[in-house]
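This note is intended for a colleague who is meeting the structure for the first time. The points below are numbered so that each can be checked against the display.

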Amino acid sequence: MAMDEQKIKELITAGIEDSVVTISDLRGDGDHYAAHVVSSAFIGKTRVQQHQMVYQALQGKMGNELHALAIHTSTPEE
Amino acid sequence: MENVIFDQIRKEINSNDIVLYMKGTAVFPQCGFSAAVVQILTQMGVNFKDINVLEDTIIREGIKEFTQWPTIPQLYIKGEFVGGCDIVREMYETGELQDLIDSHNIPTSNAA
């Protein structure tokens with residue numbers, strides 16, 4: 001049911017070019033994560049678009065295997 | 001079928017200033033993320049229409065497709081998708097949410 005931290009990181013890194021991904025397990029239960037994604041691919045995109053890119057990288061796993069993932073995105077300059 | 005649902009969603013978000021698709025109701029949220037957005041909107045003193053997706057599976061799936069956004073809650077202001085819990089919280093903290101609401105002349109009861 002729950003998803004492995006490393007797997008989340010791999011998917012996001014593979015799906016968004018030039019991205020640096022930091023995952024934290026919020027409750028230590030392997031089910032509630034936060035992802036901090038920094039990428040130059042976010043430049044010029046709205047927050048909604050940036051988060052949509054992360055969801056796309058997760059290939060439909062968000063809301064299914066992946067129950068809770070707080071997302072924070074930023075560009076390298078921020 | 002999809003078009004009927006999308007039309008229904010468009011009608012809701014265009015006929016109300018602020019619409020929140022959420023799990024549970026504003027009075028009784030049934031998910032922590034939904035509750036967090038309700039709390040922010042309540043704190044800002046704005047009126048909003050809450051739509052409980054737990055009562056309607058078709059809307060629950062339809063709204064996710066409508067925005068290509070896999071999670072609930074989803075906040076709409078003046079027909080525009082603003083974001084989910086993380087974005088709303090971030091925008092509230094930076095004051096952008098207040099600016100957005102002000103820019104549409106939506107009344108708040110406890111104006112700053």
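1. The sheet of chain A. In chain A, three strands form an open sheet of mixed pairing, in the order β1-β2-β3. The edges are taken by β1 (19-25) and β3 (68-74) of chain A; each has a single partner strand, so one side of each is left without a neighbour in the sheet. On average, neighbouring strands of this sheet are turned by 15° against each other, direction ignored. The model is a predicted one, and the points that follow should be read accordingly.

2. Pairing within that sheet. Strands of a sheet pair through backbone hydrogen bonds, in either the parallel or the antiparallel sense. Both senses can be found in chain A. Strand β2 (residues 32-39) of chain A pairs with β1(A) in the antiparallel sense over 7 bridges, and A:S24 has A:A34 in β2(A) as its bridge partner. The pairing of β2(A) with β3(A) is parallel, over 7 bridges. Here A:H32 stands opposite A:A68 in β3(A).

3. The two faces of β3(A). Which side chains of β3(A) point to the buried face? They are A:L69, A:I71 and A:T73, which point to one face and are buried.

4. Helix α1 (residues 5-15) of chain A lies across β1 and β2 of chain A. This helix runs at about 160° to β1(A).

5. Chain A as a whole. Chain A has 2 helices and 3 strands, and from the N terminus on its elements run α-β-β-α-β. Its radius of gyration is 12 Å, close to the 12 Å that the globule rule gives for 78 residues, so chain A is as compact as a globular protein of that length. The C-alpha atoms of chain A fill a box of roughly 35 × 20 × 20 Å along the principal axes. Of the 78 residues in chain A, 29% are buried. Among contacts in chain A between residues at least 6 apart in sequence, 50% join residues at least 24 apart.

6. The sheet of chain B. Chain B contains an open sheet of 4 strands with mixed pairing, in the order β2-β1-β3-β4. At its edges stand β2 (49-52) and β4 of chain B, each with a single partner strand, so one side of each is left without a neighbour in the sheet. Neighbouring strands are turned by 25° against each other on average, direction ignored. Strand β3 (residues 74-77) of chain B runs antiparallel to β4(B) and is joined to it by 3 bridges; B:L75 has B:G83 in β4(B) as its bridge partner.

7. Backbone points to examine in chain B. Most residues other than glycine have a negative phi, and most peptide bonds are trans. A cis peptide bond joins B:I72 and B:P73, with omega about 10°; B:P73 lies in the loop between α3 (57-67) and β3 of chain B. B:K78 is not a glycine, yet has a positive phi of about 50°. B:N105, also a residue other than glycine, has a positive phi near 55°.

8. B:K78 lies in the loop between β3 and β4 of chain B. How exposed is B:K78? With 17 C-beta neighbours inside 10 Å, B:K78 counts as partly exposed. Its contacts, leaving aside neighbours within four places in sequence, are with B:D17 and B:H104. B:N105 is found in the segment after α5 (96-103) of chain B and is exposed, with 8 other C-beta atoms within 10 Å.

9. The contact between the chains. Chain B gives 8 residues to the contact and chain A gives 10 residues. On the side of chain B that touches chain A, the elements giving two or more residues are β4 (80-83) and α4 (85-94) of chain B. By class, this side has 4 nonpolar, 3 polar and 1 charged residues.

10. Confidence. The mean pLDDT of chain B is 93, and 96% of its residues reach 70 or more. The model scores ipTM 0.78 and pTM 0.88.

Notes
Residues numbered from 1 in each chain as written. Chains lettered and ligands numbered in written order. Predicted model: local features only at pLDDT ≥ 70, side-chain atom pairs only at ≥ 80, totals over all residues. Contact = placed C-beta atoms within 7 Å. Nonpolar A, V, L, I, M, F, W, Y, C, P; charged D, E, K, R; others polar. Pairing = 2+ DSSP bridges. Axes fitted to C-alpha atoms, helices over the stretch in contact; angles between N-to-C directions. Rg over C-alpha atoms; globule rule 2.2 N^0.38 Å. Buried ≥ 20, exposed ≤ 12 C-beta atoms within 10 Å, placed from the backbone. pLDDT = per-residue confidence, 0-100.
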